[in-house]
Amino acid sequence: MTLPPFRNETYRDFNQPEHRQAMESALASVRSQLGQDYPLWIGGQQAKGDGTFRSLNPSRPAEVVGIHQRGTPAQASQAVEAAWSCFPTWAATPVEKRVELLVKAAALLRERKSEFNAWLIYESGKNWIEAEADTCEAIDFCEYYARQALRLAKPDPLVQMPGEQSDLVYLPLGVGIIIPPWNFPLAILVGMTAAALVTGNTVVVKPSSDTPTVAAQFIQLLYDAGFPKACCAYLTGSGSSVGDNLVEHPKTRFISFTGSREVGLRINELAAKPRKGQIWIKRVIAEMGGKDAIVVDQNADLDAAAAGIVASAFGFQGQKCSACSRAILHQAVYEEVLAKIVERTAKLRIGPADEPGLDMGPVINEKARASIQRYIDVGRSEGRLMHGGGKAEGDGFFLQPTVIADIGPDAKIFQEEIFGPVLAVTRARTFDDALELANNSQYGLTGAVYTRDPEKIQKAREQFFVGNLYINRKCTGAMVGAHPFGGFNMSGTDSKAGGPDYLMQFVQAKSIAEKVSS
Ligand code: NAP
């Protein structure tokens with residue numbers, strides 16, 4: 001089986017009337033489906049939990065997007081058992097068949113791009129273009145991992161000893177627990193699920209309680225594509241109630257998690273302890289938070305730098321793990337770049353995510369809004385408020401993009417992940433000092449440097465300790481295949497999603513040597 005070379009899905013331009021109309025009609029159609037009930041899926045069967053919960057539209061919190069089951073801890077255990085029962089059959093399914101199903105899923109996603117965008121807009125508060133990027137990335141993950149699975153099925157030949165035939169094969173691991181965050185409710189969920197399934201594992205998908213409808217829509221799409229329902233369980237319910245059972249179950253073989261440092265470390269700790277009947281070491285793939293910095297040198301293109309900082313800091317309201325939350329500016333250009341940042345920030349238009357052409361929508365929920373506001377209040381006492389500082393107009397969870405200057409390296413807003421539209425601006429004495437400040441973090445996810453000096457570029461390549469380094473461009477917007485994604489230190493296990501090594505984490509290698517007669 002061969003597939004055409006991988007190509008990233010193209011983003012549509014919503015200034016074109018046909019694309020704009022497609023989105024408008026998808027928004028209307030999805031709006032008419034808001035507030036529906038969704039079941040759990042365990043062992044290929046629908047099930048109810050011990051109650052329900054609602055996901056809301058953060059742009060208009062009175063609007064219910066979906067009603068979902070509160071799965072119980074007992075159902076979490078059942079889901080793992082059921083996924084384990086069908087593991088041998090799915091593991092034995094030829095890789096070509098699994099790849100064919102994944103490519104079919106990609107095709108269905110492509111056909112229904114506008115509809116998935118609309119679900120993202122209503123449930124996560126992404127604006128049109130951010131939603132388009134999320135859906136395109138989901139398609140890319142399916143197409144990319146389909147090709148990588150075929151590659152993995154044909155490993156490089158081994159050294160052959162005289163009188164022996166030696167082979168290496170990659171086997172699936174078993175049952176994987178897939179736990180995505182709400183901020184890329186489609187792309188990250190799809191990436192982790194697709195990687196696990198295409199390599200022959202079965203999964204229990206536990207979506208974020210903020211974005212379960214996007215997840216439910218995708219699980220249904222997987223079933224429509226022909227993935228056996230029993231291989232892919234769908235379990236909603238709060239992570240704090242079902243999470244431990246999923247992680248601790250002795251039949252759980254691996255956990256693929258993306259989310260906060262706090263939850264990731266908890267999962268890592270619980271997974272490390274063997275349970276009664278468990279016969280393997282669980283594998284944890286954990287991608288966690290960031291405190292990403294953009295460094296601006298004195299001889300950089302200052303307009304490009306300010307544009308890159310503002311796009312990285314406030315795109316999707318700063319709720320990206322890759323978002324720029326620290327701008328570290330050389331003292332010679334500090335006030336000039338700061339003024340440019342403030343000028344650009346002041347022009348950002350905020351409003352409901354379903355309205356086209358706006359720059360920023362709401363943050364995800366009231367808890368997030370209040371937490372970000374607390375950081376802003378602390379930041380005001382730690383530095384000089386240059387823009388924003390509070391709520392923006394509207395009924396949704398809207399916050400002004402906020403810029404706080406003169407922040408020192410020990411400040412709370414310099415060190416802690418805020419996960420909202422707040423930018424700390426810090427003065428560096430020299431370029432070396434700027435790199436040192438940038439590395440002064442427990443995290444190490446993304447970073448960018450703006451400079452025209454080749455020696456400084458080389459220095460950043462060698463010394464800026466992040467999983468994803470960008471030079472003379474913004475620090476968000478990683479593309480599948482081009483920018484394998486994952487961070488150092490407390491940002492996670494550096495699994496490099498969308499890269500050629502990613503699938504290795506979902507398999508185990510078996511070496512076979514057979515004596516042959518000469
Ligand atoms: P979160 O609060 O850690 O939640 C992530 C997922 O974990 C959700 O599905 C959540 O379910 C679940 N969960 C919560 N408690 C759990 C437990 N005890 N056991 C098992 N699962 C549990 O993170 P978030 O707020 O959704 O996402 C934002 C975070 O993700 C930020 O820190 C961001 O930097 C990080 N992130 C990292 C990357 C990356 O690639 N490094 C990418 C995107 C986001 P409930 O919703 O039901 O609680």
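Modeller: A cavity here is a set of points on a 1 Å grid over the protein atoms alone where a 1.4 Å probe fits but cannot get out. This is a predicted model, in which local features need pLDDT of at least 70 and side-chain atom pairs count only at pLDDT 80 or more, while totals for chains, interfaces and linings use all residues. Residues are numbered from 1 along each chain as its sequence is written, and side-chain values use heavy atoms, with hydrogens and water left out.

So, what's inside? You'll find two cavities of 30 Å³ or more, a volume being the space filled by probe spheres set on points joined across faces, edges and corners. The largest cavity holds about 100 Å³. Its lining (residues with an atom within 4 Å of a point) has 15 residues. Find G318, A323, S325, I418 and F419 first: these lie nearest the centre. The lining as a whole splits into seven nonpolar, four polar and four charged residues. Nonpolar covers Ala, Val, Leu, Ile, Met, Phe, Trp, Tyr, Cys and Pro; charged covers Asp, Glu, Lys and Arg; the others, Gly among them, are polar.

Now hop over to the second largest cavity, with about 30 Å³ of space. Around it sit E137 and F141, then A478, M479, V480, H483 and F485, and finally A497 and G498. Six of these lining residues are nonpolar, two are polar and one is charged.

Definitions and conventions. 1 Å grid on protein atoms, 1.4 Å probe; cavity = no way out; pocket = protein on both sides within 12 Å on 5 of 7 lines; lining within 4 Å.
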